[in-house]
Amino acid sequence: MEKAIVSAENVTYTYPAEEGKQNHAALHDVTISVKQGEFVAVLGHNGSGKSTFAKHLNAILLPSGGAVYIDGMDTREEGLLLAIREKCGMVFQNPDNQIVATVVEEDVAFAPENMGVAPEEIRRRVDACLETVGMGEYKRHAPHLLSGGQKQRIAIAGVLAMEPSILVMDEPTAMLDPAGRREVMQTVARLNREKGITVILITHHMDEAAMAGRIIVMHEGEVALEGTPREVFARVEEIRRLSLLPPQTVDLLWHLRAQGFDLPLEALSVEECADVLEAFLKK
Amino acid sequence: MLKDITLGQFFPGSSLLHRLDPRAKLVAVVLFVVSLFISSSFWGYALCFLFLAWCVHISRISPKMILKSLRPLVIILIFTGVLNMLYTPGEAIFHFWIFNITKEGIFNAAFMIFRIVLLIAATSMLTYTTSPIALTDALERLLGPLKKLHVPVHEFAMMMTIALRFIPTLIEETDKIMSAQKARGADFDSGSLIDRAKALVPILVPLFVSAFRRADELATAMECRLYHGGEGRTRLNTLVMAPRDWGALAFMAAFCLLVMNAQRIAAVVL
């Protein structure tokens with residue numbers, strides 16, 4: 001088996017208690033490991049601990065119990081902080097609050113500038129990263145005049161410029177319109193496929209999670225379900241119990257099954273679903 | 001509507017002035033202002049005026065924009081002019097109640113006004129032809145030696161950059177909040193001054209709350225992109241002084257000397 005590039009071992013995290021409130025564990029004994037080149041989606045409804053988990057991956061938060069290792073580096077070790085963050089890039093929800101500069105290319109250059117990379121190499125990385133996210137022609141633009149999806153792709157390019165091997169995305173499409181969501185998800189899928197970057201996608205969109213190779217469903221700070229999209233979505237009852245909705249296609253088949261039709265629950269895309277129904281009707 | 005404002009009134013272009021190194025431009029403007037204040041002769045002012053007019057011409061910026069930059073200062077100009085006219089002793093040409101208007105006073109007033117107009121026009125030319133980011137960069141580099149005295153030059157430059165970056169974002173947000181308040185019946189355009197000021201409170205409060213939230217998120221995002229202060233930082237576009245930048249500086253130094261001695265030269269030549 002390949003070696004795990006991200007490994008969280010029995011991670012427990014409790015937010016500092018607010019006055020008058022009982023502090024509860026946001027993460028409880030979470031053990032997750034991700035291999036190099038994998039595309040993992042972490043699903044969960046609000047408050048399931050999925051964002052808290054993401055913040056552990058590059059030491060924004062440190063575990064109260066257990067440990068997180070990024071490519072063998074312990075996140076609790078302060079001397080490794082910059083090395084860990086370089087290895088594991090993070091993209092957040094709101095693109096507006098991640099962009100630092102007033103010109104697109106200067107923003108993408110921000111991370112390599114901080115790393116002290118030589119100017120010619122920064123230029124090469126900036127051009128390459130903007131090309132990768134399909135924003136090459138916008139490098140002299142002002143970010144505030146771009147659309148949400150474009151801004152988020154700039155933010156991704158800004159993280160890619162560190163040349164990380166892991167990309168953690170904390171609900172990167174939550175503030176985008178459907179077109180922007182599609183742009184960003186296609187970019188992410190391509191990065192994983194073509195550049196072999198390990199992607200950990202935190203989301204609550206089922207259809208985004210369906211693009212991943214593996215899904216981890218979190219509930220109340222614990223890992224509730226784990227498996228390939230097909231395996232996870234076929235467990236419709238459990239998904240519903242975790243206050244999530246399965247993808248519409250699976251949902252349709254599940255309802256038909258409940259009515260007594262003998263249908264498999266494996267259909268992640270509309271086409272697959274149509275095929276399943278067609279095959280069933282022809283029988 | 002609010003979205004279209006220009007930042008620092010920069011007009012992109014590709015003239016010689018636009019292409020000069022921002023540090024060279026900044027120093028050149030300082031030299032120009034110095035010569036303006038050293039000069040005390042008609043010929044000196046004439047030289048300054050001609051030079052500035054030439055700059056405006058080659059930058060292809062409409063002279064109207066320069067006039068526009070003077071508009072907010074009209075009151076100060078009038079004030080300076082009147083004070084100079086009234087309080088310069090000398091040969092009285094006009095007497096009115098307790099005021100004496102002297103010949104010297106009129107000359108002084110005209111010179112003062114001309115001086116301020118040229119001063120504003122020159123600095124406007126700097127901001128019209130230099131992007132705010134380039135200016136910030138230039139300031140950071142020029143003030144670099146102060147780092148040795150523990151002046152946080154990099155931090156100031158970073159703050160400037162981020163402020164410039166967030167102006168449009170916050171304006172957009174203000175727009176949204178105002179619309180939301182208007183939709184619920186808020187009235188910003190009528191009533192006394194105090195009423196209007198009060199109506200702004202429900203805009204400022206959410207604006208501040210969101211600005212703090214943004215700042216927090218931005219700080220995290222910057223840390224995730226390895227920001228750890230100015231130490232060991234490199235730049236994508238390093239400022240390089242080209243021969244033409246040195247040329248421009250040498251020219252400005254010569255100009256400065258010329259203006260200082262304009263009176264003497266004129267006396268010899270004429």
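Modeller: The account below begins with the contact between the chains and then turns to pairs of packed helices.

This is a predicted model, in which local features need pLDDT of at least 70, side-chain atom pairs count only at pLDDT 80 or more, and totals for chains, interfaces and linings use all residues. Residues are numbered from 1 along each chain as its sequence is written, chains are lettered from A and ligands numbered from 1 in the order in which they are written, and side-chain values use heavy atoms, with hydrogens and water left out.

The contact (heavy atoms within 4.5 Å) draws 36 residues from chain A and 29 residues from chain B. Between them the two chains bury about 3000 Å², 57% of it on carbon and sulfur atoms; buried area is the accessible area (1.4 Å probe) that two parts lose on being put together, summed over both.

Five salt bridges are counted between chain A and chain B, each defined as a side-chain nitrogen of Lys or Arg within 4 Å of a carboxyl oxygen of Asp or Glu. Over all chains the count is 30. B:R165 pairs with A:D96 in a salt bridge whose closest N and O atoms are 3.9 Å apart. Another salt bridge links the side chains of A:D107 and B:R225, at 3.5 Å from N to O. The pair joins two chains, because A:D107 belongs to helix α3 of chain A and B:R225 to the loop between α9 (193-224) and α10 (243-260) of chain B. Helices here are DSSP runs (H or I, at least four residues), numbered from the N terminus.

Helix α3 (residues 104-115) of chain A also packs within its own chain: its axis comes within 9 Å of that of helix α4 (residues 119-132) of chain A, and the two cross at roughly 130°. Axes are lines fitted to C-alpha atoms over the stretch in contact, and angles run from 0 to 180 degrees between N-to-C directions. α3(A) is therefore oblique to α4(A), a class left for angles that are not under 35 degrees (roughly parallel), over 145 (roughly antiparallel) or 65 to 115 (roughly perpendicular). The residues that meet include A:V108 and A:P112 in α3(A) and A:I122 and A:V126 in α4(A). By class, this contact of α3(A) with α4(A) has nine nonpolar, no polar and four charged residues; Ala, Val, Leu, Ile, Met, Phe, Trp, Tyr, Cys and Pro count as nonpolar, Asp, Glu, Lys and Arg as charged, and the others, Gly among them, as polar.

In chain B, helix α2 (residues 22-38) and α10(B) pack at about 5° with their axes 9 Å apart, which means that α2(B) is roughly parallel to α10(B). Among the residues in contact are B:L31 of α2(B) and B:M252 of α10(B).
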